[in-house]
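The paragraphs below go through selected side-chain interactions one group at a time. Please keep the sequence and the coordinates open while reading.

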Amino acid sequence: MAARAGLPVGIDEALGTDLARCALTVARRFAAGATMWCVAPSWPEHARHLAVEFVHPVIVGTRALPAVGIEGGDPVSVLRPLARAGDLLVTLGPALDGGVTTVLRRAPAWGLTTVWIGSGPPPEPGAADHVLWLDDPDGPAPHDGRIVLLYHVLWELTHVCFEHPGLLTAPSEECTDDGSCVTCSDEGRLGEVVRAPSESDAVVRTARGAETIDTTLVGPRRAGDLLLIHAGAAIAVLEAAGS
């Protein structure tokens with residue numbers, strides 16, 4: 001691998017920049033104690049391979065990092081009890097992969113940092129925190145080594161970041177306000193219903209932890225519903241459980 005000497009063949013400057021930014025985020029999350037969850041419903045062999053790359057320290061002096069490949073066609077059900085706020089979710093697959101898009105929709109409510117590695121027509125902007133994408137109109141990238149190259153470079157750049165400990169502490173972007181902050185009180189956040197004690201409230205899982213919210217505007221809810229929350233109330237149902 002020649003990542004340290006220059007860009008590998010097949011990776012242009014824009015993608016190289018995306019890789020570098022993603023690697024810094026990944027390194028910071030690992031340094032803070034994250035586990036990487038690897039999901040690829042359409043390409044399960046890539047989820048296994050990616051997990052092995054991070055778990056197995058193939059270069060002397062590099063550390064083994066916690067990474068798990070998720071199997072099966074319902075990654076939401078598998079990840080829901082396992083993933084913790086602050087963990088990493090790396091999905092691999094084409095933009096039309098329903099298994100990938102479903103788990104990415106719920107990841108913000110679970111407090112996960114997300115990465116999407118894929119090829120072909122790109123996903124919508126903002127589909128993940130980091131998108132590493134190959135322009136591959138004919139479709140062979142998942143099978144000819146180019147997708148593998150992407151996450152090999154991501155692995156190596158992550159360890160390059162570990163060689164510079166000063167990079168591993170991210171500047172704090174969290175507001176410590178007591179609730180009077182206009183910006184924070186006006187934001188819309190995602191929450192996944194854990195239980196609904198009554199027809200007008202629900203306990204939801206959010207990136208901040210468990211919260212009790214008012215559901216009067218959206219009606220009675222059930223466990224697994226994905227809601228948009230504003231000022232302590234659900235204002236929209238983004239996805240009903242089982243849909």
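Is arginine 146 buried, partly exposed or exposed? With a relative accessibility of 29%, arginine 146 is partly exposed; the classes are buried for under 20% relative accessible area, exposed for over 50% and partly exposed in between, with a 1.4 Å probe and protein chains only.

The model is predicted, so local features need pLDDT of at least 70 and side-chain atom pairs count only at pLDDT 80 or more, while totals for chains, interfaces and linings use all residues. Residues are numbered from 1 along each chain as its sequence is written, and side-chain values use heavy atoms, with hydrogens and water left out.

Arginine 146 has a salt-bridge partner in aspartate 136, with 2.9 Å between the closest N and O atoms. This pair links distant parts of the chain, ten residues apart: aspartate 136 is in the loop between β5 (130-134) and α5 (141-144), and arginine 146 is in helix α6 (residues 146-162). Helices (H or I, at least four residues) and strands (E, at least two) are DSSP runs, numbered from the N terminus. Aspartate 136 is buried at 6% relative accessibility.

A salt bridge here is a side-chain nitrogen of Lys or Arg within 4 Å of a carboxyl oxygen of Asp or Glu, and by this rule there are ten. Another of them joins arginine 84 to aspartate 87 at 3.3 Å between the closest N and O atoms. Arginine 84 is partly exposed at 44%, whereas aspartate 87 is buried at 1%.

The next salt bridge is between glutamate 239 and arginine 106, at 3.2 Å from N to O. Its ends are 133 residues apart, with glutamate 239 in strand β10 (residues 233-239) and arginine 106 in helix α4 (residues 98-110). Glutamate 239 is buried with a relative accessible area of 10%, and arginine 106 is buried with 3%. Both belong to a salt-bridge network that links Arg80, Arg105, Arg106, Glu192 and Glu239.

Aspartate 225 is placed in the loop between β8 (209-214) and β9 (226-230) and is buried, at 1% relative accessible area. The side chain of aspartate 225 also reaches the backbone nitrogen of arginine 222 at 3.1 Å.

Aromatic rings come next. The whole structure holds two aromatic pairs, where rings of Phe, Tyr and Trp (its six-membered ring) pair if their centres lie within 6.5 Å, and planes count as stacked under 30 degrees apart, edge-to-face over 60 and tilted for the rest. Tryptophan 116 and tryptophan 133 are edge-to-face because their planes are at 90°, with ring centres 5.4 Å apart. Tryptophan 116 lies in strand β4 (residues 113-119) and tryptophan 133 in strand β5, so the pair ties together parts 17 residues apart in sequence. Tryptophan 116 is buried at 2%, and tryptophan 133 is buried at 14%.

Phenylalanine 162 has the charged end of arginine 63 over its ring, 4.0 Å from the centre; the rule asks for NZ of Lys or CZ of Arg within 6 Å of the ring centre and within 35 degrees of the ring normal. Phe162 is also in contact with leucine 65, as are Phe30, Phe54, Val55 and His159, with neighbours within four places in sequence left aside. Leucine 65 is in the loop between α2 (44-55) and β2 (67-70) and is buried, with a relative accessible area of 5%.

Conventions:
Contact means heavy atoms within 4.5 Å. A polar contact is a pair of N or O atoms within 3.5 Å; within protein, one must be able to donate a hydrogen and the other to accept it, and residues adjacent in sequence count only if both atoms are side-chain atoms.
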